[in-house]
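Biologist: Let us go through this model by question and answer. Please put the sequence and structure up.

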Number of protein chains: 2
Amino acid sequence: MSSSLLLRAIAEPRRQRILRLLRDGELTAGAIAADADVTFGAISQHLRVLKEAGLVENRREGRHQIYRARSEALGPLAAVLQSMWEDRLGILKGLAEWEERGKRNRDRRRARSGSSAKTGAARGSRRTAR
Amino acid sequence: MSSSLLLRAIAEPRRQRILRLLRDGELTAGAIAADADVTFGAISQHLRVLKEAGLVENRREGRHQIYRARSEALGPLAAVLQSMWEDRLGILKGLAEWEERGKRNRDRRRARSGSSAKTGAARGSRRTAR
DNA sequence: TCGTTACTTTAGTCTGTGCTAAACTATTGC
DNA sequence: GCAATAGTTTAGCACAGACTAAAGTAACGA
């Protein structure tokens, strides 16, 4: 039912980063927010998502909220994140080449459709940095 | 760089289902589409995403596109999906209780805000089956 | 060459969600 | 009580992405 909730939760780079931070120990919400370049509110929301996925837990201490990872909750996902953090994701073995190929194909496709009837110019490119 | 691409790809229920189907062997795009209650186009797009994440590959055979999983690409994610399919995700041990708690909290929050000034009624419920 | 089958791609809509700003809540110190 | 600190929550915006309908493409058969 909610395994997707979990996957969704860790599929977000910002939240991955938060988990990463919490891997080495507890942190206050403020410390976590300080690490990021977005508002406190945004981080608070991410923390909520992580919490509702069971991936972190928190307790109050004075005026601080202290968060920590519930690594038990990760299960097999621990290995995934571990690989991602250790970098050199096993997943990526042989993937680079695949992406290369995929990109080439895409470009080829683009090129071909560009040479066909309709417009060709004034088409793609609504790419906006985030 | 693209580990997130992978996680994003498998975080989608529809795509998980497709991978599930392909676990037992190759299938034509049509067969995969037949399994789902959305248009062929939608499935084709999902297949594209999976392909660009390196999770499936395809070949043409007559007028059929035959897809198969690249399970090597899954790496540690294999265990995750495996657990999800085998159901009874290890992750879920102790999570049920957590979600229970989360839900209760959310309801409590909702109730509280409902009893306050603004509306309370005419709020949620734009739930549409997918 | 025309029609059919089996797709893929595109344009456009609609919902989800990450973000900001601002309001709100809770704890502490004066 | 009042102000400051440390957060959470809400409203609203903008972009991502899942979906549909329709157009495009590619292989095959007549």
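**Strands, core and DNA**

Modeller: This is a predicted model. Leu27(A) stands opposite Tyr67(A) in β3(A).

Biologist: Which residue of β3(A) does Thr28(A) stand opposite?

Modeller: Start with the strands. β1 (residues 27-28) of chain A pairs with β3 (residues 64-69) of chain A in the antiparallel sense, over two bridges. Thr28(A) faces a residue of β3(A), and that residue is Ile66(A).

Biologist: How many bridges join β2(A) to β3(A)?

Modeller: Strand β2 covers residues 56-61 of chain A, and the two strands run antiparallel. Asn58(A) stands opposite Tyr67(A) in β3(A). The number of bridges joining β2(A) to β3(A) is six.

Biologist: Which residue in the hairpin of β2(A) and β3(A) takes a positive phi?

Modeller: The hairpin has two residues between the strands. The positive phi is near 65 degrees, and the residue is Gly62(A).

Biologist: What is the strand order in the open sheet of chain A?

Modeller: The sheet has three strands with antiparallel pairing. β1 and β2 of chain A are the edge strands, each pairing on one side only. The order is β1-β3-β2.

Biologist: Why is one side of β1 and of β2 in chain B left without a neighbour in the sheet?

Modeller: Chain B has an open sheet of three strands in the order β1-β3-β2, with antiparallel pairing. β1 (27-28) and β2 (56-61) of chain B stand at its edges, so one side of each lacks a neighbour in the sheet: each has a single partner strand.

Biologist: What is the bridge partner of Thr28(B) in β3(B)?

Modeller: β1(B) and β3(B) pair in the antiparallel sense. Two bridges hold that pairing. The partner of Thr28(B) is Ile66(B).

Biologist: Where do the buried residues of α2(A) lie?

Modeller: Helix α2 of chain A spans residues 13-23, and Arg15(A), Ile18(A), Leu19(A) and Leu22(A) are buried in it. Seen down the axis, the buried residues fall within an arc of 100 degrees, so they line one face of the helix.

Biologist: Which residue of chain B is in contact with Ile10(A)?

Modeller: Ile10(A) belongs to the largest nonpolar core, which has 48 residues. Ile10(A), Leu55(A), Ile10(B) and Leu55(B) touch the most other members. Leaving aside neighbours within four places in sequence, the contacts of Ile10(A) include Arg15(A), Leu19(A) and Leu77(A) in chain A, and in chain B Leu7(B).

Biologist: Which element gives the most to the surface near DNA strand C?

Modeller: There are 30 residues around DNA strand C, and Gly41(A), Ala29(B), Gly30(B), Gly41(B) and Ser44(B) come nearest. Elements that give two or more residues include α4 (40-52) and α6 (95-114) of chain A. The top contribution is six residues, from α4(B).

Biologist: How many residues of that surface near DNA strand C are charged?

Modeller: Six are nonpolar and 14 are polar. The charged residues number ten.

How values were computed
Residues are numbered from 1 along each chain as its sequence is written. Chains are lettered from A and ligands numbered from 1 in the order in which they are written. This is a predicted model: local features need pLDDT of at least 70, side-chain atom pairs count only at pLDDT 80 or more; totals for chains, interfaces and linings use all residues. A residue is near a molecule or strand if its C-beta atom, placed from the backbone, lies within 6 Å of it. Helices (H or I, at least four residues) and strands (E, at least two) are DSSP runs, numbered from the N terminus. Ala, Val, Leu, Ile, Met, Phe, Trp, Tyr, Cys and Pro count as nonpolar, Asp, Glu, Lys and Arg as charged, and the others, Gly among them, as polar. A nonpolar core is a set of buried Ala, Val, Leu, Ile, Met, Phe, Trp, Tyr and Cys residues joined through C-beta atoms within 7 Å. A residue is buried if 20 or more other C-beta atoms lie within 10 Å of its own, exposed if 12 or fewer, and partly exposed in between; C-beta atoms are placed from the backbone. Two residues are in contact if their C-beta atoms, placed from the backbone, lie within 7 Å. The arc is that of the directions from the helix axis to the C-beta atoms. Two strands pair if DSSP finds at least two bridges between them.
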